[in-house]
Amino acid sequence: MRIVGNLDVEVTWARMDAAARRARGEKAPSPDDPRFALPEPVMRKISAAATLMRVFAQRDDDVLWTPRPVDPARMARVDWLPTPRLESGPVPETADVWWGEPTEVAGRVNHRLFAWQAKVRCRQPRLRGGTIVYDIPSLQRAASEMLGADGGEPWVAKAPFSAAGRLRVRGVGELEDKQRFQAQRLLELQGVLLFEPWMDRIADLGVRGEVRASRASILGIHGIAVDRAGRFTGISWPPGGDAQDGLELGEAARMMGDALRDAGYVGSFGVDAFLYRAGDARHLQPISEINARLTFGAVAAAVTSADPFEEPSEPVTLRFGSGAPPDGTIPLLLPGTDDDTSAWLETPSRHAG
């Protein structure tokens, strides 16, 4: 079995999109533009994180490809997980398991405009003030509208192909020079930005599912841990919370799965959502992003299903950090000499060690 941990697949899709825009006669950079490339520290970090896809291997002689070389010794020994052979170099042309498939269909449905349009068709709620911007003047207008009675309101503008809190601009109220420069660079590369207010979040949630030719299925709901800047730091399983939230999330995600199927996509997908506070009221935003690929929610589910937990309902958290995993946890990824990314499971104490 060959597993491809191409956690930089958003770059592939962005390059494919640039080529398609140029073919239509639109202004777009060359797909080979070096500005598409992620910084090397990021490439090393996501390559290390990609080793957690070992959960999909069946034997130790399976092959797991990562964008940059990773020392195999960084894969902590876990009794119930295989330790596949690691490879890097040119992206393989075929694989049994992809993080994200480098295809035209996958690129099209992972564009943020697809999720935006799917929410409109399915009558799913959008955040007030959210819009698509194509240039700096329209971004300036959208940001200026975030001025309230108490001053500027926080907002975020996301590139159509990005992940883990990368390639986005955040601000409060009117656009400042630094934000204008960042936004202009993203617009030159990817053509559009999704502008939304930055909400006072209570919790981030995710739904994992699978699209088959006949139907879309919802497989589970999990919590998503993020830092103050919205960058991904882990998965909690199960999520807890209100049962009604789960029902609403599942139904909204199923609609998104059907939209993916109608667009010709088949495979794993995830939907991000969040709970937020507006004034004294609590609200659910059931569709924040659609990820038509594997997600760490799927990785977390595979980890916990592989280990014979006595009580599957007990809380488990897949956590990412830096340096040595904390005592009392189950290490999965150890820090290396050129990258200190680590990952571990926080579980009931009897599973530690």
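Which side chains meet in a salt bridge at 3.7 Å, N to O? They are the side chains of D258 and R261. The structure is a predicted model, and its salt bridges come to a count of 24.

**Helix α1**
- R21 and D17 form a salt bridge in which the closest N and O atoms are 3.0 Å apart.
- Both residues belong to helix α1, which covers residues 9–23.
- R21 and D17 are 4 residues apart, about one turn of the helix.
- R21 is buried, and D17 is buried as well.

**Helix α6**
- A salt bridge joins R180 to D177, with 2.9 Å between the closest N and O atoms.
- R180 and D177 are separated by about one helical turn, because they lie 3 residues apart in helix α6 (residues 177–190).
- R180 has a relative accessible area of 28% and is partly exposed.
- D177 has a relative accessible area of 62% and is exposed.

**Helix α7**
- D258 and R261 lie 3 residues apart in helix α7 (residues 243–262), so about one helical turn separates them.
- D258 is buried because its relative accessible area is 18%, under the 20% cut-off.
- R261 counts as partly exposed, at 27% relative accessibility.

**Salt-bridge network**
- D258 and R261 also belong to a network of salt bridges that links them with E251, R254 and D262.

Definitions and conventions: Residues are numbered from 1 along each chain as its sequence is written. This is a predicted model: local features need pLDDT of at least 70, side-chain atom pairs count only at pLDDT 80 or more; totals for chains, interfaces and linings use all residues. Side-chain values use heavy atoms; hydrogens and water are left out. A salt bridge is a side-chain nitrogen of Lys or Arg within 4 Å of a carboxyl oxygen of Asp or Glu. Helices (H or I, at least four residues) and strands (E, at least two) are DSSP runs, numbered from the N terminus. Buried means under 20% relative accessible area, exposed over 50%, partly exposed in between (1.4 Å probe, protein chains only).
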